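Hello,

Please find the structure below, with the sequence beside it.

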Amino acid sequence: MSAKESLARAELAIESGRALFREGILTECHAYMALALRALLDAWVPAHDAAADGATTPHEQREQALLTLARSKYRDMPRLTAAYHAVAGEAPREARPAKALRERDFDCILREVDRLHQFTLRALAPAEARRRFRIRLALVIAPIALVIAMILMAQRTRPRVTASTSYADLYAPELAVDFLEATEWLLPDGTEGWIDLAFRAPRSVRSVTLVNCHNGTFVDRSSGKVRVTAFANDKSVASVEGEFSEISSERAALDLPLVAKDVTRVRVEVLSTLGRGGGFAEVEVH
Amino acid sequence: MASDSKLLVLVAVAVGLWTPLAWMDWFSSHEQARYVLRTLEWASELRVGELYPRWASDFYGGYGSPFFIFCSPAVYAMAALLTSACSVFWALKLVVLGGMIASGVGTYALVFGETRERNAAFLAGIAYLVSPYRLLDVYERGDLSEFTAISLLPVALALHRAAAKEAVPRRASYLLVAAAASHALMVLSHTILGLWGTIIIGLVVIASAAGLAWRGLWRRALRSLLAFACAPGVAAVYLAPALAYRELTRLQLTGVGHFRPQTQLYPFSKLFPEGSLFSSRNFMEVGLLLAVAAFLTCLGLALNFRAGRHVLGWWVLTLLLVVSTMPIASGFWAPGRLPLSQFIDFPWRLLGPATLTASVALGIGTAAAFQRLGEDTRSGIVIALTSVLLGVIAFPAASAPAVRAEGIPRSPQAIRSGIESTTDVDDYLPRAVPAVPRSPAKALIVSADEATVAHTKSDASHHYLTIDANRAGASVGLALHAFPGWRVSTRSGPDQATLDTGSTGLLRLNFPTAGQYRLKVYYGITPAGMLGSGLSVLSLVVLGLLLFHGSRWWKVPLSSSLDSGGGA
């Protein structure tokens, strides 16, 4: 019987043992686990022309398998040997009654079956299968790591926001960087002003997107002329101006190129307003 | 999972039942926008470095509230973390989505573990997903904490049962640790349902452990009991201070009047719709689901008693839970009769767990009833039943009136500009405070006696002050509600400043020596919080040991019988 066949037999026996355990049939569960242990050892019996020469009975062949496992750096051989010797001669129908088997021995044998199964799976898996497993593992871990990294990055890079003034606490400057276009930072009536985004660490900037405000269902506010200035340690390093043309209940965004390095702060100034006052739904720095 | 098409369909149904939330900014419910405000508070504390915030600094117009000492933190903690990547509304919606999926998958796993029958597990998962109490816990009551707790209950039960039925010790240990973790998360999601859910899990664990012990597997039985006991231990970081400081708030307001359990008991008829079946929308109307479960259970027992007999235990649990919500159980809820019996406010909360146990019974009954039929026939019956459940029960329940985000405070400043407590009866207002503040605090300093305040800066519950004390014994009153946990750290000054409570229940800084003081006033961990944290760490260590027991890092010595090579 080939190693693969022995492994398949062992896995069938393990699944049978687990199913029997679920049903509370411990004696037969133990017997099938014993069968699994022997089948797993059979997978380690050396090829006929090598060290197994001279081993004629299955028991002798499994003793050879134990030696092969020891050479393969299987950890804690005495436990495996003890577990095997405890179940060496048991067939499913000759299993000892559950009461005769102490729980500690039962668990110990189950642990050895599990350990040897894992070890055999790893050792007998072809290089291609191991490679596939590693790829699959990476495919699972990478998105999780990416999401965690993104959350940490977003937490780290979310700028501190201050503004010259706000219409009311309900329209605080933080609402311009909350990723929610339904919420807005609004200036008081007819007032020009600015909003500052201070970064936690110097960063490069390529462009700035300004999403105009319109004051919810009132649609009576809008920024007009705007100027965006990038600062590196309070020194102006780039500036750009733009203009919104009308108050609109639809989303109105202005993409302004602003290229600068080592930017620590971006200030967006509202130079003129349409309607009752200005503000922004979102300020995005790219 | 990817190969189990029924489980994938179940997940799709769970997502489908959540979809109405995705189309609206927020929704109208009994809880209004309270969860949004609480999450914003947690997130603002998180941003100043408080990993487990206890103080809601913007409630009561900036005077603050020890809200998070008493209110189960799991939902706010999860949502606040997500606010780093999305808006507070979406963060809460994603937590609800997680709860929806956990409910379905947990019930599926629980029933599959009991029956090994995917059709029955699928039907049970759908039954719990469409349970009116569970759905309307979100769409009508808006109680996201309770919803999360009853979503985690089937997960914890499924993992405990799977551990008891697992032969391989390594897998059993993993399952037990996962069961304890999900159980702890349930307690951390909602204290009341956490307590009553713990009793349900306890009964199931005891029954499972008894089964293991009956077969001579005493060690496994003890391990499962140990894992069960560790779950409240893990949650002690929240439970210990919540219990220790109860008396310092107005929590006595609960348990009386409207909140008296005995006034919240309803007759059996209340469990059924009064009007049209298709338009009725009441979270108590779980009767139809119970009736379907009862019918399929009886059918299962009649056709295949041997396979269906396990259902009896689940029905005993269901009946106990349902009966406890009726006037007949009035004596059970009488004050002082049973410990913790007042700790429920509304006994009808137990209809949530009752629909879970009924769904499990429905699954087991279905598996027994249709065991002898072919796979195609069983699938057909289950699809038909699923369609009925979705159409009749879920359809009217899975929706809520939309609320636009504009009407909801969305920043700490906006919360601070009103008198928010996010509770009905101000039960977490410190008892030392004579009344709810009438207006928001205008500044951090309310009074200064022989002291000049040179500078103040506040960042959530962290306040930085520079104060010149003109003479020894000078004091400064702060617009902060006093409560155990407030601390002052003197960064520089001629002496150590101290904190005490003024006559109006506000914090007061005292300066023993004249001079300039630079201070940090902040809400830190309390002695009960430290005790709870210690208990939680200890419980985690025990769970860790449970995980490693028998592994190569912690080997179990061989018994003499095995060591001698002969077995028993």
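A:D262 is partly exposed, with 15 other C-beta atoms within 10 Å. Please keep in mind throughout that this is a predicted model. A:D262 belongs to strand β7 of chain A, and its phi is near 50°, a positive value in a residue other than glycine. For background, most residues other than glycine have a negative phi.

A second case of this kind is in chain B. B:A460 is not a glycine either, yet its phi is positive, at about 55°. B:A460 sits in the loop between β4 (451-459) and β5 (462-469) of chain B. Is B:A460 buried or exposed? B:A460 is buried, with 23 other C-beta atoms within 10 Å; the cut-off for buried is 20 or more.

**Strands around β5 of chain A**

Which strands pair with β5(A)? One of them is β6(A): strand β5 (residues 225-232) and strand β6 (residues 235-243) of chain A run antiparallel to each other, with 8 bridges between them. In this pair, A:K225 is opposite A:E243 of β6(A). The two strands make a hairpin, and 2 residues lie between them. A:N233, which is in the turn, has a positive phi of about 50°.

Another partner of β5(A) is strand β7 (residues 253-270) of chain A, again in the antiparallel sense, over 6 bridges. Here A:F231 has A:R265 in β7(A) as its bridge partner. β7(A) is also the strand that holds A:D262.

**Chain A as a whole**

Chain A contains 6 helices and 9 strands. Its radius of gyration is 36 Å, well over the 19 Å that the globule rule gives for 286 residues, so chain A is more spread out than a compact globule. The C-alpha trace of chain A spans about 100 × 40 × 30 Å along its principal axes. Of the 286 residues in the chain, 36% count as buried. Among contacts in chain A with a separation of 6 or more, 68% are between residues 24 or more positions apart.

**Where the two chains meet**

**A helix in chain B**

The last item is helix α13 (residues 287-303) of chain B, which has 17 residues. From its first C-alpha to its last, α13(B) reaches 24 Å, close to the 24 Å expected at 1.5 Å a residue. Its buried residues are B:L289, B:L290, B:V292, B:A293, B:L296, B:T297, B:G300 and B:L301. Why do they lie on the same side of α13(B)? They cover an arc of only 160° around the axis, and this puts them on the same side of the helix. As a general point, an α-helix has 3.6 residues a turn, so residues three or four places apart point the same way. The buried residues of α13(B) pack against α6 (118-129), α14 (305-308), α15 (311-323), α16 (351-369) and α17 (375-397) of chain B.

Regards

Methods. Residues numbered from 1 in each chain as written. Chains lettered and ligands numbered in written order. Predicted model: local features only at pLDDT ≥ 70, side-chain atom pairs only at ≥ 80, totals over all residues. Helix = DSSP H or I, 4+ residues; strand = E, 2+ residues; numbered from the N terminus. Expected span 1.5 Å × (residues − 1). Buried ≥ 20, exposed ≤ 12 C-beta atoms within 10 Å, placed from the backbone. Arc of directions from axis to C-beta. Contact = placed C-beta atoms within 7 Å. Rg over C-alpha atoms; globule rule 2.2 N^0.38 Å. Pairing = 2+ DSSP bridges.
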